[in-house]
Amino acid sequence: MDDAARAAELRDLVHHHNYRYHVLDDPEVADAEYDSLVRELAALEDKHPELIVPDSPTQRVGGPVSGLFAPATHRVPMFSLDNVENLDGLEAWEGRLTRSLAGAPRAFSCELKVDGLAVSLTYERGRLARASTRGDGTTGEDVTANARAIDQVPLVLRGDVPTAMEVRGEIYMPVSAFDALNRIQADRGEKPYVNPRNTAAGSVRQKNPAVTASRRLAIWVYQIGFLEGGPELDTHSEQMAWLAELGLRINPANEVVDSIDAVEAYVRDAERARHSRDYETDGVVVKVDSLAEQQAVGSTAKAPRWAIAYKMAPEEKTTKLQTIEINVGRTGAVTPYAVLEPIFVGGVTVTTATLHNEGEVHRKDVRPGDTVIVRRAGDVIPEVVGPVLSLRRKGLRRWNMPKRCPFCNNPIVLPEGEAKARCTGGYSCQGRLREHLAHFAARGAMDIEGLGYKTVDLLLTEGLIADPADIFTLRSDDLDGRDGWGETSVANLLGAIEAAKNRPVANLLVGLGIDHVGGSVARVLARRFGSIDALARATEDQISEMGGIGPEIAGSVAAWFVASENVELISKFREAGVRLEDETRGDPGNEILAGVSIVITGTLDAFSRDEAKAAVEDRGGRVAGSVSAKTTALVAGVSPGSKLAKAESLGVDVLDEAGFRRHLERGPSSEQT
């Protein structure tokens, strides 16, 4: 295909995707793929200027306007921004500014790029007169009635108001609100929404403002479009501070810096904290702070030269779902997962993604052969967000859970009241046994270095082990001479197994895989009973008398220890020399943090997150995941995120690492002296 034909094809593709994104709020491709198409078209037009036509997407500011709402013409066009994808691009932009201004800009305003719907709010004598979407940058949609339904959009400004003013902002759906909305969808048996951005856009475009009001939308204001009768201000940051005084919502993460190095530091911090906030961000917007310098560098036909958008690595992309397979976990739970055409997303190449359970597969209506949206946010397991229905081929069949386990051929059942199906084969199922053994050897349990899935598979295939206790009977001649197993690797594994014999009782309890017994519960049980034998003799009532142990956990623990196969397993551990009693028996009276609820955020110098949590629980305290009015104290390390602000707003005590140590040594009263 020659360049002219490719340019025409790209124009058609970009127009199509603009329509689906801006008008239907139902994109077929992720943002990164759309941006790639636009960049390819722009590169072709740069190479061959004769290919530029008036209706090329590169000559437009935004997308088309739908016919659902009355058109609203912007008094000052709402430009889009040029963007860069790396720090070199930021430095190149700063170089262009320096040449244009005959010197570096005096300061830069750095703002988080919120993933929402851009809107314009017009105020006349302090009262909201009109709200509109960006649309094509010149004409948007009048959504005034729906904007009035959003609590965070002020209907009346405060203080000394201007005669007339238009401000730009981003309406978004908080992640917490999005999750709550999808829980409602799940309770109703309805399909979940795909992502907060599309859900926010759809919520603003509801015909019934009451629906908009119910969606808990929020807004950050980021720019003045025009101003009449307001104060004379010299910088963008001064304007933002003034807007905050008027009652408009300004993002507290905004920051003014004095060099491109400081801009890059802000970008790196924003990427690290990307998942700690209650709203989605996909980049950083950097602006020349001086309004005089902004005017001096000016704008192109479609974007200001004084601002740039740094785009973070995309976390959503589309790919083909080849098939759906299942995995059996250590508890027998059966989890479907998607086998995908490899796709690079969130910094890694993804070939599989979780589908959670059969109910989720049906609610999302994903089918083998679909084009699907895949999401990988931060370090979480990739998941299939949903299908691109407009690209679904006819005849794709709905997936259903197999009737029998592919690993052991025993029936798969869905217990009443549960979402997860289960294999009924017990540990005769090699799939379940494999996961159980890997869990037993993992960090947080028996921590046997070198005993990962690959080694577990070898030991199972060769019939060398059939349960966790067999691990402690392995000999060097079981492994000597096997492919990849030399003298050193065999000695290292056997040394790690020998060291694991002396792990604390809590680690063994975690490794046993008892339902509902994780690290926190295991430490409570070990502290109270001190030994496996004492816990095995305890009744369900005795176990449930302990703080933090409910009847479901107590029932699970008591039932595990009376099962004949588990009695035999404990006996095998004893014969193999595995420690079944803590050297310092549990002291339930030594609970200096009893009744204390602590939240830990940020990075601590002397504690890993697990170590800090264990230190609190060993003293009878509880570590919570979020700050509330019931929180006793927040431990704030380096880069504490949004939890710090919430703690301060609620008047919760905030401890640095030294204060945390005093808490552990002397209890909460140490911070009141």
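## The main core

In this predicted model, the largest nonpolar core holds 56 residues, and Ile448, Phe472, Leu509, Leu525, Ile543 and Phe573 have the most contacts inside it. A nonpolar core here is a set of buried Ala, Val, Leu, Ile, Met, Phe, Trp, Tyr and Cys residues joined through side-chain atoms within 4.5 Å; buried means under 20% relative accessible area, exposed over 50%, and partly exposed in between (1.4 Å probe, protein chains only). Among the elements that give two or more residues to this core are helices H12 (430–441), H13 (453–461), H15 (487–500) and H21 (564–576). Helices are DSSP runs of H or I with at least four residues, strands are E runs of at least two, and both are numbered from the N terminus.

Let's look at Phe472: leaving aside neighbours within four places in sequence, its contacts (heavy atoms within 4.5 Å) are Phe440, Met446, Ile497, Ala500, Lys501, Phe573, Ala576 and Val578.

## An open sheet and its helix

Five strands make up an open sheet with mixed pairing, in the order E2-E11-E10-E3-E9. Two strands count as paired if DSSP finds at least two bridges between them. At the edges are E2 (83–84) and E9 (255–257), each pairing on one side only. Strands E3 (residues 108–114) and E10 (residues 281–288) run antiparallel and are joined by seven bridges, with Ser109 opposite Lys287 in E10.

Helix H3 (residues 87–101) lies across E2, E3, E10 and E11 (307–311), at about 175° to E11. Axes are lines fitted to C-alpha atoms, for helices over the stretch in contact, and angles run from 0 to 180 degrees between N-to-C directions.

## Ser237 in H8

Ser237 belongs to helix H8 (residues 236–245) and is partly exposed, with a relative accessible area of 25%. Not counting residues up to four places away in sequence, Ser237 touches Val256 and Asp289.

## Notes on the model

Residues are numbered from 1 along each chain as its sequence is written, and side-chain values use heavy atoms, leaving out hydrogens and water. Local features need pLDDT of at least 70 and side-chain atom pairs count only at pLDDT 80 or more, while totals for chains, interfaces and linings use all residues.
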